[in-house]
Amino acid sequence: MNDHAYDISYIEAELIEACMPAPRAVKAPAPAALPTAVAEAQEAIAQELMAAADIHEALIQQYLRMSGNVITSEWSH
């Protein structure tokens with residue numbers, strides 16, 4: 001038998017094309033268009049991450065001192 005006789009992939013492609021809307025270009029919003037609340041939330045998260053980085057570095061230094069492997073980091077103050 002011929003395998004091409006059972007090939008129905010062209011039907012699936014036609015169904016997909018029939019059900020999909022035509023593609024259209026979507027313009028991304030300008031960075032200045034961000035709402036003030038979003039910008040404030042991003043700033044707050046950035047501040048918390050910076051504070052957590054200092055705490056994380058301190059915990060690493062404490063662990064290294066306790067394990068006897070003292071390594072001075074360029075990040076430590």
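This is a short tour of a predicted model, from the whole chain down to one side-chain contact.

Start with the protein chain, shown as a cartoon. The accessible surface of the chain is about 7,500 Å². Carbon and sulfur atoms account for 64% of that area. Now colour by burial: of the 77 residues in the chain, 4% are buried.

Next, select residues 36-67. This is helix 2, with 32 residues.

Zoom in on glutamine 61, which lies in helix 2. Its relative accessible area is 14%, so glutamine 61 counts as buried, the cut-off being under 20%. Show side chains here. The side chain of glutamine 61 makes a polar contact with the side chain of glutamate 57, at 2.9 Å.

Select glycine 68, which follows helix 2. The phi of glycine 68 is positive, near 90 degrees.

How values were computed. Residues are numbered from 1 along each chain as its sequence is written. This is a predicted model: local features need pLDDT of at least 70, side-chain atom pairs count only at pLDDT 80 or more; totals for chains, interfaces and linings use all residues. Side-chain values use heavy atoms; hydrogens and water are left out. Buried means under 20% relative accessible area, exposed over 50%, partly exposed in between (1.4 Å probe, protein chains only). Accessible areas come from the Shrake-Rupley method with a 1.4 Å probe; for residues, only the protein chains shown count as cover. Helices (H or I, at least four residues) and strands (E, at least two) are DSSP runs, numbered from the N terminus. The expected span of a helix is 1.5 Å times one less than its number of residues. A polar contact is a pair of N or O atoms within 3.5 Å; within protein, one must be able to donate a hydrogen and the other to accept it, and residues adjacent in sequence count only if both atoms are side-chain atoms.
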